Amino acid sequence: MTSQLRPAFFMLLIFTVITGIIYPLAVTGIGQVVFPHQANGSLIMAEGGKAVGSELIGQQFDDPKYFWGRISATGTFAYNAFNAENLTGSSGSNYGPLNPALMDMVQARIDALKAADPDNTAPIPVDLVTASGSGLDPHISVAAALYQVHRVAQARGLSDEAVKALVDKYTEGRQFFILGEPHVNVLKLNLALDGVQ
């Protein structure tokens, strides 16, 4: 029996070192050298080197002078990647299309959008009233950004054309030219707006 346990223990030790120490250190090192921005959270830095957010995780905006992102479905704290207290984090709402909670959430967002811009009679893009699968999406569609241009311009005392030009500037194309649709990173756009003031 000892002759069987010794090689088994030895193999366990070897694979623990390889998969538990060498592999993670190698992947971390390669990530830091080849993709340092992404490996460190794709942080967006303000002047003075202060992190103001990540390109990968949305933030809550509800002031009329800012573009609003998608609804976050991450529980009581919006855009929370993980909350140890409540054991909640990245998740979709998992509400079916006929669930009254989903309808209430959508209607509340419609009411908020209409209250912030009562003269806007355009159809509200669906991504402004629904959550993404992760509940953390930092992007909105170009249509969702354009829907909000007049409200943001009015709240900031800017022309619609100036705000639309910023939307155009911060519109990102399809990934690898074929995946997804053109989209706008809400945090980057809002930071650019603050730079205009």
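## Basis

The model is predicted, and local features need pLDDT of at least 70, side-chain atom pairs count only at pLDDT 80 or more, and totals for chains, interfaces and linings use all residues. Residues are numbered from 1 along each chain as its sequence is written, and side-chain values use heavy atoms, with hydrogens and water left out.

## Overall fold

The protein chain holds six helices and seven strands, taken as DSSP runs numbered from the N terminus (helices H or I, at least four residues; strands E, at least two). Their order along the sequence is α-α-β-β-β-β-α-β-α-α-β-β-α.

Of the 197 residues, 29% are buried (buried means under 20% relative accessible area, exposed over 50%, partly exposed in between, with a 1.4 Å probe and protein chains only). Among contacts (heavy atoms within 4.5 Å) with a separation of 6 or more, 53% join residues 24 or more positions apart. The accessible surface of the chain is about 12300 Å², and carbon and sulfur atoms supply 64% of that surface; the areas come from the Shrake-Rupley method with a 1.4 Å probe.

## Nonpolar core

A nonpolar core is a set of buried Ala, Val, Leu, Ile, Met, Phe, Trp, Tyr and Cys residues joined through side-chain atoms within 4.5 Å. The largest has 26 residues, of which Phe-67, Ile-140, Val-163 and Val-167 touch the most other members. Two or more residues come from each of α3 (100-116), α4 (142-156), α5 (160-169) and α6 (186-196). Helix α4 gives the largest share, six residues.

Not counting residues up to four places away in sequence, Phe-67 touches residues including Phe-61, Ala-145, Val-152, Val-163, Val-167, Leu-189 and Leu-193.

## Largest pocket

A pocket is an open set of points on a 1 Å grid over the protein atoms alone, where a 1.4 Å probe fits, with protein on both sides within 12 Å along at least five of seven lines; lining residues have an atom within 4 Å of a point. The largest pocket holds about 230 Å³ of space. It is lined by 13 residues, with His-139, Glu-172, Gly-173, Gln-175 and His-183 closest to its centre.

## Two single residues

Asp-119 lies in the loop between α3 and β5 (139-141) and counts as exposed because its relative accessibility is 63%.

Gly-31 belongs to helix α1 (residues 2-34) and counts as buried because its relative accessibility is 16%. Leaving aside neighbours within four places in sequence, Gly-31 is in contact with Pro-36 and Ala-39.

Definitions and conventions. Points joined across faces, edges and corners; volume = space filled by probe spheres on them.
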